[in-house]
Amino acid sequence: MLLHSHCSLIEGIVDTCTQTEEALSGEASAASLQAERGLGERLGELASQGLPFQAEENDQLDLLMEAEGLRRSIHNLGTIITTSAVASQSEASGVGLEQCIVGLPACVNITTRDKAGGPCRGGNAILSAEVCTPDGSVADGEIIDHKNGTYDFVYTVNKEGEFSLALRLYDQHIKGSPFRLSVSPPTTTATSLTATATTSTGSSEGAKRRGKSPGSGSKKKGSRRTGSALGTPRRRENPIEDDLIFRIGTKGRNKGEFTNLQGVSASSSGRILIADSNNQCVQIFSNEGEFKSRFGVRGRSPGQLQRPTGVAVHPNGDIIIADYDNKWVSIFSSEGKYKAKLGSGRLMGPKGVSVDQNGHVIVVDNKACTVFIFQPTGKLVTKFGSRGNGDKQFAGPHFAAVNNNNEIIVTDFHNHSVKVFTPEGELLLKFGSNGEGNGQFNAPTGVAVDVNGNIIVADWGNSRIQVFDGSGSFLSYINTSADPLYGPQGLALTSDGHVVVADSGNHCFKVYRYLQ
């Protein structure tokens with residue numbers, strides 16, 4: 001409105017000036033005098049307007065580019081990851097594609113290709129693998145990303161027979177999948193069926209076995225430490241005559257049914273939580289085995305679950321879930337309402353989760369062979385570990401537990417050992433070796449620690465539960481002979497002092513008496 005008024009005044013001034021110039025240039029006449037009188041009146045009107053003599057505004061209108069702030073904002077959003085890999089062109093090879101030996105690791109090599117059949121040169125493709133028995137049981141394994149378009153699927157089967165091996169890329173079967181897998185009993189000359197990556201058309205015809213001793217024959221004793229022992233255990237007779245209290249579950253997708261259950265946690269409020277991996281949900285039961293609730297929607301968006309493998313309960317009641325395929329950890333309220341996620345962009349394949357004495361979230365990254373420690377807000381506190389067989393290295397670590405000294409106990413699956421670290425990642429203790437004897441492991445998975453500092457370990461390949469003192473010395477077994485385990489995974493101590501274990505191969509969880 002003000003702009004319009006100013007424009008009208010300016011137009012009036014210009015018009016008056018034009019008339020004045022015309023009058024002055026013409027000959028003196030009555031008309032000129034009349035024009036002069038009219039101009040005087042108009043100039044008087046303009047003078048009475050009180051117009052400013054100086055400009056009250058300027059014409060500057062610049063765009064200042066905050067390039068650095070924009071760069072930081074884009075960086076904080078994350079990284080876009082994509083590949084050109086397609087399932088119909090991707091191939092698998094290796095001896096482990098068709099045969100393996102009970103209890104020994106086998107390897108399948110996967111080569112991803114684009115739609116034209118050309119090899120992909122980068123990693124990060126979403127692959128999944130399942131080894132299933134005719135009754136639906138699932139063997140355990142891990143996918144290793146070499147970041148060059150090739151991947152290894154390393155797995156172990158602890159039962160002989162005919163199996164189905166399914167390899168999927170973006171939820172689609174790759175060329176030749178599913179494959180028929182024959183699992184043979186071990187012999188005195190049994191060797192690990194590992195193979196280097198070779199190009200094939202989806203079968204291992206003509207492939208030759210490359211022998212490699214699974215354990216090199218040497219048996220390591222659990223090393224002892226002084227000063228910071230985890231407790232003074234009470235040595236008991238071998239084995240402990242602990243009985244099965246009850247088992248819950250069958251194979252299925254309904255309440256109280258499971259498909260490849262993995263992680264287990266127990267809350268101080270008397271609840272048992274099960275990560276039902278292939279059903280993409282968490283199921284909650286009372287300590288007595290009564291079904292209470294379940295939550296989870298399949299998907300790859302925040303708040304959804306794609307492959308929940310680990311579960312823990314925070315002291316504030318929140319439920320923390322490791323989502324292996326989504327590559328992050330989700331946090332839900334005690335009622336199952338989504339709150340936040342952490343580790344996105346850092347984690348490669350989170351398997352197990354736990355909570356330390358400070359409320360920090362401990363994540364065992366199976367693919368990265370690294371333990372991450374986060375604040376519940378998602379801020380990284382520290383991380384430690386890398387792939388290998390050294391003291392501070394891992395080969396497919398699975399689960400973790402925390403003792404009263406805030407020390408972190410990790411099961412090192414393919415290194416057949418258990419390792420104890422300080423919160424800063426310094427190794428305190430390592431025990432176990434590959435085998436079937438007392439204190440030996442065939443791929444340990446679930447782990448828990450009791451009030452005395454004794455360490456309870458699920459021995460996946462040997463289908464048993466072993467108990468050790470705080471220095472790593474073998475104490476006993478939990479007696480599971482009445483209803484044998486088949487590939488136990490997660491393990492926890494309930495609030496009323498019992499041991500609960502995910503019996504993955506039998507599609508149920510079991511609760512045992514435990515004498516502390």
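**Entry 1, ground rules.** I noted that this is a predicted model, in which local features need pLDDT of at least 70, side-chain atom pairs count only at pLDDT 80 or more, and totals for chains, interfaces and linings use all residues. I also noted that residues are numbered from 1 along each chain as its sequence is written, and that side-chain values use heavy atoms, with hydrogens and water left out.

How many salt bridges does a search of the whole structure find? I found 14, where a salt bridge is a side-chain nitrogen of Lys or Arg within 4 Å of a carboxyl oxygen of Asp or Glu.

I looked up Lys 175 and Glu 91, whose closest N and O atoms are 3.6 Å apart in their salt bridge. This pair links distant parts of the chain, with Lys 175 in the loop between strand E8 (172-173) and strand E9 (179-184) and Glu 91 in strand E1 (residues 86-93), 84 residues apart. Strands are DSSP runs (E, at least two residues), numbered from the N terminus. Lys 175 is partly exposed at 29% relative accessible area, whereas Glu 91 is buried at 8%; buried means under 20%, exposed over 50% and partly exposed in between, with a 1.4 Å probe and protein chains only.

I then turned to Asp 391 and Lys 430, a salt bridge with its closest N and O atoms 3.4 Å apart. Asp 391 lies in the loop between strand E22 (380-384) and strand E23 (397-402) and Lys 430 in strand E26 (residues 427-431), so the pair ties together parts that are 39 residues apart in sequence. Asp 391 is partly exposed at 43%, while Lys 430 is buried at 17%.

I also wrote down a network of salt bridges that links Arg 247, Asp 483, Asp 503 and Lys 510.

I checked Asp 152, which lies in strand E6 (residues 150-156) and is buried at 14% relative accessible area. Which side chain does the side chain of Asp 152 contact? I found a polar contact of 3.0 Å with the side chain of His 146; such a contact is a pair of N or O atoms within 3.5 Å, where within protein one must be able to donate a hydrogen and the other to accept it, and residues adjacent in sequence count only if both atoms are side-chain atoms.

Asn 479, in the loop between strand E30 (474-477) and strand E31 (488-493), is buried at 18%, and its side chain makes a polar contact of 2.8 Å with that of Ser 481.

I looked up Gln 280, whose phi is positive, near 55 degrees; Gln 280 sits in the loop between strand E12 (271-276) and strand E13 (281-286) and is buried at 11% relative accessibility. Cys 369 also has a positive phi, near 55 degrees, and lies in the loop between strand E20 (361-365) and strand E21 (370-374), where Cys 369 is buried at 0%.

Key: Helix = DSSP H or I, 4+ residues; strand = E, 2+ residues; numbered from the N terminus.
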